[in-house]
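Subject: Structure handover

Hi there,

Here is the structure I promised to pass on to you. Have a look at it first, and then read on for what turned up.

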Amino acid sequence: MEPTAPDPASAEFRPTATWRVLRQRAELLRRLRDFFHARGMLEVETPILSADTVVDRHLDPFCVAVDSAGARAGFLQTSPEFAMKRLLAAGGPSMYQVARVFRQDELGPLHNPEFTMVEWYRLGDGLLEAMQFTSDLAETLLGRGPAERLSYAEAFVRHVGLDPHRAPTAELMAAARRLRVVAPESLGVEDRDGWLDLLLAECVQPHLGCSAPAIVYDYPASQSALARVRPGVPPLAERFELYASGIELANGYHELLDAQELRRRIAETNTQRVADGKPALPPENRLLAAMQAGLPPMSGVALGFDRLVMLAVGASSLAEVIAFPFDRA
Amino acid sequence: MASYNTSQFRKGLKVQLDGDPYLMIECNFVKPGKGQALYKCKLRNLLRDTVLDRTYKSGDSLDAADIEEIQAQFLYRQGEQFFFMENETFEQYELGMDQVDEAWMYLKEGMTVSMLLFNNKPIGVTPPNHVVLKVEYCEPAVRGNTATNVTKPAKVDTGAEITVPNFVETGDMIKVDTRTGEYIERVK
């Protein structure tokens, strides 16, 4: 990777990715569009700048002044989810989008605050169909075979040695100590999801998708985001993630359709955000109106295209596959 | 006291933990799925040179360390004490052997070094990357052996011992890399 070595300031106009990789990236994008086109899915485009934003505890949108007086603010999208669901509520067919999305503070070898997300929705698909479709896409573009599937619980039993749905939080903390995970001092016993996330990131994720890609499904209901929760003991979020080489590539939901439930989750998430010292985000949005009008049953998936390119070309950082990453943008 | 939020964490940050100054030598951003961002950091203690592994979650913060780098002239050594003077203010500083550490091997009177101050007190000095030292004594060169891979110890004018090639003679001036302690070349 010749141009990725630390450059003197005078070379900062140059891309960090080689021309060989930029050509491979363009070819992967063409094959990705072919894949969706061959399955009869419509490519759509929706606004990057919107009055509405996804309300997530751990996602911070860029807030920008919409007029020169600074009287109105808008958000750069963290994903095209809201706008695409509005299209689906308005009678849209199965569709996909290649979108630029923006997330504050997410900067590292596997994160760039601006990145390319491929998002798709398929009418009538449940969790199983969505996992199959995602596996087919990964097989086509990565060429490492179909994805292995394991539940969130199986992944924890295998790599941490406990049941993530039933183990008391104190047991999660003891497991972190036993596995020599350096935990944040500020992570307390009250933050169960924080401990699950820490164990997943440090002890589970590095082992996922080492040969073939892996799909982890059935997340704790407390981590459902916009996924349906399947009643049961314990109730489980119909959500999955795709991993390859220990790197998270995609996140999918059997989509929540109930506007009242979304309104409840947004209020709860905003309470958590304020407790975390973050600003609350607008509780009302046009997606709620679209859901009240009626969303069709469907599954939706978001995939990080830059990471997919990184794995497909054998690179180890996003800077090798993005022409101008954040510090040169 | 100034502090840094996790969103400002980066390599090279100077922070304070339990009263000691630390340099952030690594900071890895990790974010699991829909979960909370984690910052996996390596911090080097600037007083003891030990390295700590610490993980922070988004929203955590660290106190900034009051660290200043100044240019100072080495005045003289008296036993285990080393005396320096700041170039601009003429303020004098006295450092012990544990603060000067390996830099003692390269300190010559009048040399300008960079000095780190923590809460206005000196905690270490860094000599220039290359210094010229005088060989006060070494074994005579073995005649006919011109190979550069044959080495011997040489006592230099700071009192230190430097490994030099066989052809170096007593009285020679030699250039040394202070970061590695290695001989570079003979200078006229």
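What is the mean pLDDT of chain B, and what share of its residues reach 70 or more? The mean is 92, and 98% of the residues of chain B reach 70 or more; pLDDT is the predictor's confidence in each residue, from 0 to 100. For the complex, the predictor gives an ipTM of 0.88 and a pTM of 0.84.

Some bookkeeping before the details. This is a predicted model, in which local features need pLDDT of at least 70 and side-chain atom pairs count only at pLDDT 80 or more, while totals for chains, interfaces and linings use all residues. Residues are numbered from 1 along each chain as its sequence is written, chains are lettered from A and ligands numbered from 1 in the order in which they are written, and side-chain values use heavy atoms, with hydrogens and water left out.

Where the chains meet

In chain B, 19 residues are in contact with 27 residues of chain A (contact means heavy atoms within 4.5 Å). A:E185 forms a salt bridge with B:R54, and their closest N and O atoms are 3.6 Å apart.

Chain A

Helices (H or I, at least four residues) and strands (E, at least two) are DSSP runs, numbered from the N terminus. Buried means under 20% relative accessible area, exposed over 50%, and partly exposed in between (1.4 Å probe, protein chains only).

Helix α4 of chain A covers residues 152-159, and its buried residues are A:Y152, A:A153, A:A155 and A:F156. Seen down the axis of α4(A), these buried residues fall within an arc of 160 degrees, so they line one face of the helix; the arc is that of the directions from the helix axis to the C-beta atoms. They pack against β7 (148-151), α6 (192-204) and β8 (214-220) of chain A. On the other side of α4(A), A:V157 and A:R158 are exposed. Just after the helix, A:G161 takes a positive phi of about 80 degrees.

Chain A also has an open sheet of 3 strands in the order β2-β4-β3, with antiparallel pairing. β2 (49-50) and β3 (63-65) of chain A stand at the edges, each with a single partner strand, so one side of each is left without a neighbour in the sheet. Two strands pair if DSSP finds at least two bridges between them, and β3(A) is joined to β4(A) (residues 73-76) over 3 bridges. A:A65 has A:A73 in β4(A) as its bridge partner.

Chain B

Strand β10(B) (residues 112-118) is mostly covered, with 5 of its 7 residues buried. It runs antiparallel to β7(B) (residues 67-78), to which 7 bridges join it; here B:Q73 stands opposite B:T112. A further 5 bridges join β10(B) to the antiparallel strand β11(B) (residues 121-126), where B:L117 stands opposite B:P122. β10(B) and β11(B) form a hairpin with 2 residues between them, and B:N119 in the turn has a positive phi of about 50 degrees.

Strand β13(B) (residues 151-156) has a covered face of B:K152, B:A154 and B:V156, and an uncovered one of B:T151, B:P153 and B:K155. β12(B) (residues 130-138) is joined to β13(B) by 3 bridges in the antiparallel sense, and B:Y137 has B:K155 as its bridge partner. Between β13(B) and β14(B) (residues 161-165) there are 5 bridges, again antiparallel. The hairpin of these two strands has 4 residues between them, and B:G159 takes a positive phi near 100 degrees there.

Lastly, B:D63 lies in strand β6(B) (residues 61-64) and is partly exposed, with a relative accessible area of 36%. B:D63 and B:V15 are 48 residues apart in sequence and 5.7 Å apart in space, C-alpha to C-alpha.

Notes. Salt bridge = Lys/Arg side-chain N within 4 Å of Asp/Glu carboxyl O.
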